[in-house]
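Please open the structure in a viewer and keep the sequence at hand.

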Amino acid sequence: MAGLTVREAREGDLLSLLEIERTASHDPWGERAIRSQLSSDVGLSLVCEEGGRVLGSLYLSLIPPEGEVLALAVLPDARRRGAGRLLLENGMKMLKSGGACVLYLDVRASNAPALALYSSLGFREIGRRRGFYSLPKEDAGLMEREL
């Protein structure tokens, strides 16, 4: 994780955020969704960068006492270097300081790397959402972690 930093996303990151979505997500967010998240009163948006290059993004919502991971994505050529973990660790700290006591997320049932990351950070599966994802159609595991 040396050289990786996390900060709040800003409007000037839009092109990088769109690139991350296009290259790293099964069902990418578009410009309108990202702009809406960046300006949301309940949204928290973080980026992980290295040397000025944005490698990953994390979109969260905070409605105390709950937080939710809306999307986490890391560029394919930057994976397995700690960016996702660093984003989540920072996001959890920020949510906790904002009044969240628990954090929820949905994850594709077939996404073994994400499931391993979430489990290593203390998330546990509490349910299943049948056919939740499209492109391709797939179940989601509902996970939670107390903050």
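Helices (H or I, at least four residues) and strands (E, at least two) are DSSP runs, numbered from the N terminus. The model is a predicted one, in which local features need pLDDT of at least 70 and side-chain atom pairs count only at pLDDT 80 or more, while totals for chains, interfaces and linings use all residues. Residues are numbered from 1 along each chain as its sequence is written, and side-chain values use heavy atoms, with hydrogens and water left out.

**First stop: Ser 57**

Select Ser 57, which lies in strand E3. Ser 57 counts as buried, at 1% relative accessibility; buried means under 20% relative accessible area, exposed over 50%, and partly exposed in between (1.4 Å probe, protein chains only). Next, display the contacts of Ser 57, where contact means heavy atoms within 4.5 Å. Leaving aside residues up to four places away in sequence, Ser 57 touches Leu 17, Ile 20, Glu 21, Leu 46, Val 47, Ala 71, Leu 72, Ala 73 and Leu 87.

**Second stop: the sheet**

In what order do the seven strands of the open sheet stand? The order is E1-E2-E3-E4-E5-E7-E6, and the pairing is mixed; two strands pair if DSSP finds at least two bridges between them. Strand E1 (4-8) and E6 are the edge strands, each pairing on one side only. From one strand to the next, the twist averages 25°; axes here are lines fitted to C-alpha atoms, for helices over the stretch in contact, and angles run from 0 to 180 degrees between N-to-C directions.

Select E3 together with E4: these strands pair in the antiparallel sense over eight bridges. Within this pairing, Gly 56 stands opposite Val 74 in E4. Helix H2 packs on the sheet, where H2 touches E2, E3 and E4, and the direction of H2 makes about 105° with that of E2.

Move to strand E7 (residues 138-146). Strand E5 (residues 102-108) pairs with E7 in the antiparallel sense over seven bridges. Strand E6 (residues 124-133) is joined to E7 by six bridges, and E6 and E7 run antiparallel. Which residue in E7 is the bridge partner of Tyr 104? The partner is Glu 144, and Glu 144 is also the bridge partner of Arg 124. In the hairpin of E6 and E7, four residues lie between the strands, and Leu 135 takes a positive phi near 55°.

Select H1 and colour its residues by accessibility. Leu 14, Leu 17, Leu 18, Ile 20 and Glu 21 are buried in H1. These residues lie on the same side of H1, because they cover an arc of only 155° around the axis; the arc is that of the directions from the helix axis to the C-beta atoms. On the other side of H1, Leu 15 and Arg 22 are exposed. The cover over the buried residues of H1 includes H2, E2, E3 and strand E4 (66-74).

**Fifth stop: aromatic pairs**

Display the rings of Phe, Tyr and Trp (its six-membered ring), which pair if their centres lie within 6.5 Å; planes under 30 degrees apart count as stacked, over 60 as edge-to-face and the rest as tilted. The structure holds three aromatic pairs. The pair of Trp 29 and Tyr 59 is stacked, because the ring centres are 4.6 Å apart and the planes are at 15°. This pair links distant parts of the chain, 30 residues apart: Trp 29 is in the loop between helix H1 (14-24) and helix H2 (31-39), whereas Tyr 59 is in strand E3 (residues 53-63). Trp 29 is partly exposed at 22% relative accessibility, whereas Tyr 59 is buried at 0%. Tyr 118 and Phe 123 form an edge-to-face pair, 5.7 Å centre to centre with 65° between the planes. Tyr 118 is buried, with a relative accessible area of 7%, and Phe 123 is buried as well, at 5%.

**Last stop: Gly 43**

Finally, select Gly 43 in strand E2 (residues 43-50). Gly 43 counts as partly exposed, at 26% relative accessibility. Beyond residues up to four places away in sequence, Gly 43 touches Gln 37, Leu 60 and Ser 61. The C-alpha atoms of Gly 43 and Leu 70 are separated by 9.3 Å, and these residues are 27 residues apart along the chain.
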